[in-house]
Amino acid sequence: MNVVEIYTDGACKGNPGPGGWGALLTSTQSRKELYGGAPSTTNNRMEMQAVIEALTALKRPCKVLLHVDSQYVLKGMTEWLPGWKARGWKTAAKEPVKNVDLWQQLDTLVHTGGHQIEWRWVRGHNGDAGNERADELANLGVQSALRAG
């Protein structure tokens, strides 16, 4: 099984506002950079979209070291998701889960892709080269959204 290291990040100019996502995927054989954006979105949605796009780019099951600087994404995937699903996509306070469309998409990718994913949190804007590049890519995504919008 190939080992792939992934760094993802989201960016938003205003929240909501124009946003972008970026992902850096590296393995011993290759390096891939992805980015995109949306004209009106939120930072959390862009953080999630970055992970979705990165996992979608994998063409076969991989051992994935997935670095995120978003506690929202990390805790959602490693702590909150089972409870949300058990409650029919409601929070503990019985409110609808925000961004449920993306959570469901991410849940499906994680549980049907055949990947072994190790979730890792990295402090954003703290000099980690992979995270810094993902941030630059996310900002390119914002620029593409602004040009398209």
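**Entry 1**

I looked up R31 first. R31 counts as exposed, because its relative accessibility is 54%. My cut-offs are under 20% relative accessible area for buried, over 50% for exposed, and partly exposed in between, with a 1.4 Å probe and protein chains only. I noted that this is a predicted model, where local features need pLDDT of at least 70, side-chain atom pairs count only at pLDDT 80 or more, and totals for chains, interfaces and linings use all residues. Residues are numbered from 1 along each chain as its sequence is written, and side-chain values use heavy atoms, with hydrogens and water left out.

Next I checked the partner of R31. The side chain of R31 meets that of E33 in a salt bridge (3.0 Å, N to O). A salt bridge here is a side-chain nitrogen of Lys or Arg within 4 Å of a carboxyl oxygen of Asp or Glu. Side chains of opposite charge can pair when their charged atoms come close. E33 is partly exposed, because its relative accessibility is 31%.

**Entry 2: R133**

I then followed E33 to R133. Their side chains form a salt bridge at 2.8 Å, N to O. This pair links distant parts of the chain, 100 residues apart. R133 sits in helix α4 (residues 129-148), and E33 sits in strand β3 (residues 31-41). I use DSSP runs for these elements: helices are H or I with at least four residues, strands are E with at least two, and both are numbered from the N terminus. R133 has 23% relative accessibility, so R133 counts as partly exposed.

**Entry 3: K85 and D107**

I searched the whole structure and found six salt bridges. One of them joins the side chains of K85 and D107 (3.0 Å, N to O). Here K85 belongs to helix α2 (residues 71-86) and D107 to helix α3 (residues 100-112), 22 residues apart. I also noted that shared partners in salt bridges join R31, E33, R133 and E136 into one network.

Is D107 buried or exposed? D107 is buried, because its relative accessibility is 8%. K85 is partly exposed, with a relative accessible area of 40%.

**Entry 4: Q49**

Last, I looked up Q49. Q49 lies in helix α1 (residues 43-57). Q49 counts as buried, because its relative accessibility is 16%. Which residues does Q49 touch, not counting those up to four places away in sequence? I found W21 and L102. Contact means heavy atoms within 4.5 Å.
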